[in-house]
Amino acid sequence: MTRLPSSAVTDPVKARYAQYAQKSHAWIENYQAKGGKVYCGAGCFRCCDMPIRVSLAEALIVAQALSERERHKVADHAHKVQANARSAPDDESYVQRHRREISFCPLLDRQTGSCTQYEARPTRCRDTFSAFPAEFCAEGTWEAMSRREREQYRRDVARTAGTDGELHFIAPLEHLSEPIWAAASKAMRAGWRLEAWGDFWTLTTLAADQKFMTHIAAGDGKKAWQRAKVLGLAHPMTLEIEEF
Ligand code: SF4
Ligand code: SF4
């Protein structure tokens with residue numbers, strides 16, 4: 001069993017997850033009472049093929065919840081993410097190829113459409129809510145739209161309360177998660193004297209690696225990066241480590 005560091009870094013993030021659940025629930029009730037619609041619900045998963053950025057603190061919470069079999073599946077996914085990061089010509093291609101070719105998160109149960117790590121899932125999986133039906137979240141929908149359909153989409157988004165006016169996701173529910181990011185940042189600095197951010201599956205795999213986490217716990221970002229390199233998981237698009 002891989003040794004994982006103390007809960008000093010993960011507990012503050014978990015506490016903010018709980019606060020977010022309460023605040024977002026209250027916000028949604030108020031939004032719906034005023035006629036707003038939230039299309040997310042159990043079994044809806046079309047957004048689970050998006051790249052996800054996390055802190056190492058969030059990734060550690062997930063790594064601690066995984067079985068060995070799940071860790072292997074996440075590690076396989078992380079290596080596909082690395083291959084994409086190494087070969088994608090730009091950020092847009094990186095995202096498109098992630099959705100089309102790497103596809104769904106290995107923690108998704110495709111039979112039921114549910115997240116197998118719902119309690120441990122990272123912030124981005126908690127604060128993504130849609131004011132439009134799931135087909136608008138699906139990979140390829142935007143690309144398949146005609147010019148007229150795209151104009152209609154833009155008009156519909158612009159007149160939908162809760163969006164940022166450009167995309168159909170609910171912006172205030174994303175803003176409500178900012179205290180989670182802040183808590184993760186603070187806890188990593190206090191516990192490890194560094195911050196590490198990056199791709200969800202890459203960081204989750206690294207969080208389960210004893211040598212990587214020993215360097216992190218010692219505040220040695222350079223050795224942690226070297227360890228990630230040995231594991232084939234060091235790329236600037238998917239791993240950022242900054243010492244303080
Ligand atoms: S963001 Fe879209 S795909 Fe994801 S749960 Fe909500 S409606 Fe479904
Ligand atoms: S962790 Fe869960 S909610 Fe997040 S992308 Fe994976 S399956 Fe979806």
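Two strands count as paired here if DSSP finds at least two bridges between them. Helices (H or I, at least four residues) and strands (E, at least two) are DSSP runs, numbered from the N terminus. This is a predicted model: local features need pLDDT of at least 70, side-chain atom pairs count only at pLDDT 80 or more, and totals for chains, interfaces and linings use all residues. Residues are numbered from 1 along each chain as its sequence is written, while chains are lettered from A and ligands numbered from 1 in the order in which they are written.

View 1. Along the principal axes, the C-alpha atoms fill a box of roughly 55 × 40 × 35 Å.

**View 2. An open sheet of three strands, ordered β1-β4-β5 with antiparallel pairing.** At the edges sit β1 (53-55) and β5 (239-243), each pairing on one side only. From one strand to the next, the twist averages 15° (axes are lines fitted to C-alpha atoms, for helices over the stretch in contact, and angles run from 0 to 180 degrees between N-to-C directions). Strand β4 (residues 194-199) is joined to β5 by five bridges, and Trp 197 stands opposite Glu 240 in β5. Helix α10 (residues 200-207) packs on this sheet, touching β1, β4 and β5 (contact means C-beta atoms, placed from the backbone, within 7 Å). The direction of α10 makes about 130° with that of β4.

**View 3. Helix α2 (residues 56-65) packing on helix α9 (residues 178-192).** The two axes are 8 Å apart, at an angle of about 90°, so α2 and α9 count as roughly perpendicular (65 to 115 degrees). Leu 56, Ala 57 and Glu 58 in α2 meet Ala 184, Ala 187 and Met 188 in α9.

**View 4. The surroundings of ligand 2.** Cys 48, Cys 105, Leu 107, Leu 108, Cys 115, Gln 117, Arg 121 and Cys 125 line up around this one.

Note on methods
A residue is near a molecule or strand if its C-beta atom, placed from the backbone, lies within 6 Å of it. Angles under 35 degrees count as roughly parallel, over 145 as roughly antiparallel, 65 to 115 as roughly perpendicular and the rest as oblique. Two residues are in contact if their C-beta atoms, placed from the backbone, lie within 7 Å.
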